[in-house]
Each structure stands twice: as structure tokens, then as C-alpha cells.
Amino acid sequence: VYFNDVYLFIPMTRVWTKIDIQGGYPSTRSGASALTVGSSFFIFGGGSKDRIFSELLSIQPEPSLPEATIAYGPGKDHGTAGELSRIFLQTQDSFQNNRTTGGDHISINIVPTSHSAISRMSKDPSSAINVTVSDLFNGLYAVSWTSPVADIYNISVKVDGKEGVNWQTAVGANLAANIRSTTKGPGLAKCKAGEECSFTVDVRDKFSNRMDRKAPIDVNLVGPKRVLKKVKDNGSGVQKVSYVPEKVGDYKINIRIGGQNIPKAPYNPTASPRPASAR
């Protein structure tokens with residue numbers, strides 16, 4: 001059986017891909033020799049049941065078609081603030097054949113979408129986005145980037161100065177950090193015995209991003225009598241803590257994240273008697 005199909009094998013992905021040829025396929029044959037020199041692919045010799053070939057065939061790749069570029073990888077759709085995200089770009093020609101050589105000029109533009117993220121980056125140089133592009137010289141380009149700011153990002157790619165693929169990536173907060181988290185509310189300083197007291201904990205990561213998911217915090221209350229507490233975490237980063245001190249006296253509130261006290265903890269609220277008219 002003799003065929004004249006042309007397939008490309010990419011060692012990195014270990015995948016064979018059929019290539020569409022413009023200008024006619026080589027004659028059906030077997031036993032041919034093949035060699036890649038630079039961006040050119042050469043086929044020599046081979047034979048069929050009718051003849052032996054002594055011709056040298058050359059297959060030249062078409063230039064990259066920017067809009068046909070394919071982006072993939074674990075960092076394409078989501079990432080974590082302050083951690084490396086990696087994306088691969090596969091360049092293709094107008095026949096949607098994967099390019100097998102490098103040399104294209106790839107530029108990446110990554111922009112946050114929210115006004116708060118844009119403002120933060122403009123004021124704080126340490127919030128800058130770092131991007132590197134590596135040519136793997138086989139049609140693939142590795143893109144690595146980091147941002148300490150959690151947000152939705154617009155990512156656009158240019159190939160040799162022409163618009164290519166674009167998409168959005170969600171970068172979420174890193175792990176909750178005690179050092180960047182804060183508290184506020186009257187229940188941290190004073191309350192009335194027998195009444196509900198409350199305060200909130202604004203949980204942030206080490207880059208000051210508010211948590212975008214539930215995060216465990218440890219709230220410990222001690223006083224003249226055991227105190228029952230409730231911690232409500234709705235996954236938005238701000239947690240509400242409520243408690244009812246049954247006795248008049250001094251109390252102590254310790255708040256920890258990751259085993260470490262948050263700034264200004266512990267707090268020492270005082271429970272005073274309720275007014276006589278309220279009894």
C-alpha cells in the first residue's frame with residue numbers, strides 16, 4: 001500500500017498532524033528519506049510498485065497567520081495573584097497547519113479590566129505585570145507572566161505586529177494572610193451585657209487582595225463567662241463575627257489567620273450593664 005499523505009510529528013506534544021499541501025502532493029511512495037533543514041522539509045527518493053524515484057522534493061512552510069494562533073495551557077483561563085501563569089502559543093499558517101519553526105515576533109498585552117486594579121497599578125510600581133515570551137523554535141512560544149493584583153485581565157497577542165488571538169483570564173487572590181487583614185466594628189471595644197455585639201474581619205492575601213472565596217479564620221473569645229460566637233463567611237472576603245456577652249466585665253478577643261494574630265489583636269472589649277429601662 002502506498003500513500004502520499006504528509007504528516008508532521010512534534011516531539012514536545014508527541015502528536016502526528018496531517019499537513020495540507022498547496023501546489024500538489026508528492027507521488028505515492030514508500031521508503032523515502034526525509035530531512036528538515038531550517039524551515040524547509042525535504043523528501044528524497046522512495047518508490048512505488050511501478051517505479052523508483054530519484055527526485056528531491058521541497059516543502060516550504062507558509063508564514064504565520066496571526067489570527068490562526070492557538071493559545072492553551074493551565075494559565076490561559078485562570079491564575080493566582082503573585083504566582084507564575086504559563087501559556088503556550090501555537091502559530092499556524094493559512095491552512096491551519098501548525099508551524100514548525102520559530103522566528104516570529106510575539107508581543108503580549110495584558111490589561112486589568114476594573115478601575116480599582118488600573119488605579120492601583122498606576123500608583124504602585126510594585127504592582128506591575130511581568131511578562132516573558134520564549135521562542136521554542138518549533139512554532140510554539142511559551143508565555144510566562146505574573147501580577148500581584150487579583151482581577152479579570154484582557155490578554156491580546158500580536159504576531160509580527162498583526163493582531164492575533166485574545167481572551168480573558170481571571171486572577172484570584174492568593175492565600176489569606178494575617179498581616180494584610182483588618183477588623184472594624186463596635187464589638188471590638190465595647191458592648192452591652194446580654195446584647196449581641198459584632199464586628200467584621202476584612203480578610204486579605206499578602207498582596208492586599210480581598211479574598212474571593214471562603215477563608216478560615218480563628219476567633220477566640222474569653223471573659224467572665226463562656227461566650228458563644230458566630231462567624232459568617234459568605235465568600236466575599238468580609239466575615240461577620242457576632243457574640244453575646246452574658247456577664248458584665250472585661251473580655252478578650254483574639255483573631256488569627258494561618259495561626260498568626262492579625263494586626264492589633266488581641267482586642268479587649270468591655271461589656272457594660274444594660275440601662276435599667278431596657279431590662
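## Aromatic contacts

The structure holds two aromatic pairs. The model is a predicted one.

A charged side chain also meets a ring: R29 lies over the face of F53, at 4.0 Å from the ring centre.

## Nonpolar cores

The largest nonpolar core has 23 residues, and the members that touch the most others are F199, V219, Y243, I253 and I255. Four strands each supply at least two residues of this core: β16 (197–205), β17 (218–222), β19 (238–243) and β21 (252–257). The strand that gives the most is β16, with four residues.

What is F199 in contact with, leaving aside its neighbours within four places in sequence? The contacts of F199 include V219, Y243, I253 and I255. F199 is also in contact with K184, G185, G187 and L188, and with Q239, K240 and V241. Another core, of 20 residues, lies apart from the largest one; A81, I108, A117 and V171 are among its members.

## Cysteines

The structure holds zero disulfides. C191 has 10% relative accessibility and therefore counts as buried. C197 counts as buried too, because its relative accessibility is 5%. The cut-off for buried is under 20% relative accessible area.

## Salt bridges

Side chains of opposite charge can pair when their charged atoms come close. The structure holds seven salt bridges. One of them joins D77 to K76, where the closest N and O atoms are 3.7 Å apart. With a relative accessible area of 48%, D77 is partly exposed.

Two others involve D202. Its side chain meets that of R204 in a salt bridge at 3.0 Å, N to O, and R210 forms a salt bridge with D202 in which the closest N and O atoms are 2.8 Å apart. Which of these residues are buried and which are partly exposed? D202 counts as buried, at 12% relative accessibility. R204 is partly exposed at 23% relative accessibility, and R210 is partly exposed with a relative accessible area of 40%. Salt bridges that share partners join D202, R204 and R210 into one network.

Note on methods: Residues are numbered from 1 along each chain as its sequence is written. This is a predicted model: local features need pLDDT of at least 70, side-chain atom pairs count only at pLDDT 80 or more; totals for chains, interfaces and linings use all residues. Side-chain values use heavy atoms; hydrogens and water are left out. A nonpolar core is a set of buried Ala, Val, Leu, Ile, Met, Phe, Trp, Tyr and Cys residues joined through side-chain atoms within 4.5 Å. Buried means under 20% relative accessible area, exposed over 50%, partly exposed in between (1.4 Å probe, protein chains only). Contact means heavy atoms within 4.5 Å. Rings of Phe, Tyr and Trp (its six-membered ring) pair if their centres lie within 6.5 Å; planes under 30 degrees apart count as stacked, over 60 as edge-to-face and the rest as tilted. A charge sits over a ring if NZ of Lys or CZ of Arg is within 6 Å of the ring centre and within 35 degrees of the ring normal. A disulfide is a pair of cysteine sulfur atoms within 2.5 Å. A salt bridge is a side-chain nitrogen of Lys or Arg within 4 Å of a carboxyl oxygen of Asp or Glu.
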